[in-house]
Amino acid sequence: MLKKFYFSVLFGLAITLTACGDDDSSGVSGSFPDGGDPKYYCEVTDGTDSDGTIWVQFKLNIPNRMGKIEKSSIDKNGTEKGYYEESYYSLNSKEESMMCREMKKDIQGKEYITDFECGNGVAYIHYERTGVRKKNLDSTKEDFEKECEDYQSDWEDGYLD
């Protein structure tokens with residue numbers, strides 16, 4: 001189920017190849033500096049917090065293009081909390097509006113979405129679900145690692161310049 005959620009969000013975002021921007025969302029900011037980081041990277045990290053919450057995170061930066069973060073955590077009660085963000089570094093207002101509309105459409109009706117913001121070239125969502133098992137997080141980590149391998153290959157082949 002988690003994979004389907006990630007892939008539906010990623011698919012919708014990949015199709016548009018743009019980012020967000022609504023006139024009423026001028027305060028939205030992301031995790032990347034304006035214009036992104038100057039070097040390419042894709043990394044997957046994981047860990048356990050002092051309260052027993054386990055987590056895995058994916059972070060990607062494509063210079064002069066985009067940045068993406070996905071983080072999923074599961075607390076000791078089996079509640080999953082997640083964060084998904086995409087930042088695009090050079091968009092016009094039409095591209096930003098199109099991205100926000102597409103993102104809103106993709107998350108519509110998904111009751112586990114707890115927060116959504118879109119604007120200034122940034123889109124992010126927070127979600128929460130209960131009854132999740134650790135093996136789902138292990139599978140998510142494997143998916144993130146495969147995604148980094150794919151991005152790395154595309155970067156080395158010059159497809160992401």
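Modeller: Tyr40 is buried, with a relative accessible area of 12%. Please bear in mind that this is a predicted model.

Biologist: Which ring does Tyr40 pair with, and how are the planes arranged?

Modeller: By the rule used here there are 6 aromatic pairs. In one of them, the ring centres of Tyr40 and Trp155 are 4.7 Å apart and the planes are at 10°, so this pair is stacked. Tyr40 lies in the loop between helix H1 (2–16) and strand S1 (41–48), and Trp155 in helix H3, so the pair ties together parts 115 residues apart in sequence.

Biologist: And Trp155 itself, what is its accessibility?

Modeller: Trp155 has 27% relative accessibility and therefore counts as partly exposed, whereas Tyr40, at 12%, is buried.

Biologist: How are the rings of Tyr83 and Tyr124 arranged?

Modeller: The ring centres of Tyr83 and Tyr124 are 5.8 Å apart with planes at 35°, so the pair is tilted. This pair also links distant parts of the chain, with Tyr83 in strand S4 and Tyr124 in strand S6, 41 residues apart. Both Tyr83 and Tyr124 are buried.

Biologist: Which residues make up the aromatic cluster?

Modeller: Phe58, Phe144 and Tyr151 form one aromatic cluster.

Biologist: Changing topic: how many salt bridges does the structure hold?

Modeller: There are 5 salt bridges. One of them joins Glu80 and Arg129, at 3.2 Å from N to O. Glu80 is in strand S4 (residues 80–88) and Arg129 in strand S6 (residues 122–129), so to speak of positions, the two are 49 residues apart and the pair links distant parts of the chain.

Biologist: Are Glu80 and Arg129 buried or exposed?

Modeller: Glu80 and Arg129 are both buried. Arg129 also lies over the face of Tyr112, at 4.7 Å from the ring centre.

Biologist: Where do Lys146 and Asp150 lie?

Modeller: Both are in helix H3 (residues 134–156), 4 residues apart, which is about one turn of the helix. Lys146 and Asp150 form a salt bridge, with their closest N and O atoms 2.8 Å apart.

Biologist: Why do you class that pair as partly exposed?

Modeller: Lys146 has a relative accessible area of 45% and Asp150 one of 38%.

Biologist: Which residues are linked in a network of salt bridges?

Modeller: The network links Lys68, Glu70 and Glu147. Within it, Glu70 forms a salt bridge with Lys68, the closest N and O atoms being 3.8 Å apart. Glu70 and Lys68 are both buried.

Biologist: How many residues of strand S3 are buried?

Modeller: Strand S3 (residues 66–74) has 8 of its 9 residues buried, so to the eye it is mostly covered. S3 pairs with strand S2 (residues 54–62) in the antiparallel sense over 9 bridges, and 9 bridges also join S3 to S4, again antiparallel.

Biologist: Which turn residues have a positive phi?

Modeller: In the hairpin of S2 and S3, with 3 residues between the strands, Asn64 has a positive phi of about 60°. The hairpin of S3 and S4 has 5 residues between its strands, and there Gly78 takes a positive phi near 85°.

Biologist: What does Cys42 touch?

Modeller: Leaving aside residues up to four places away in sequence, Cys42 touches Phe58, Lys59, Leu60 and Cys148.

Biologist: What tends to happen to nonpolar side chains in general?

Modeller: In soluble globular proteins, nonpolar side chains tend to be buried together.

Terms used: Residues are numbered from 1 along each chain as its sequence is written. This is a predicted model: local features need pLDDT of at least 70, side-chain atom pairs count only at pLDDT 80 or more; totals for chains, interfaces and linings use all residues. Side-chain values use heavy atoms; hydrogens and water are left out. A salt bridge is a side-chain nitrogen of Lys or Arg within 4 Å of a carboxyl oxygen of Asp or Glu. Buried means under 20% relative accessible area, exposed over 50%, partly exposed in between (1.4 Å probe, protein chains only). Rings of Phe, Tyr and Trp (its six-membered ring) pair if their centres lie within 6.5 Å; planes under 30 degrees apart count as stacked, over 60 as edge-to-face and the rest as tilted. A charge sits over a ring if NZ of Lys or CZ of Arg is within 6 Å of the ring centre and within 35 degrees of the ring normal. Two strands pair if DSSP finds at least two bridges between them. Contact means heavy atoms within 4.5 Å.
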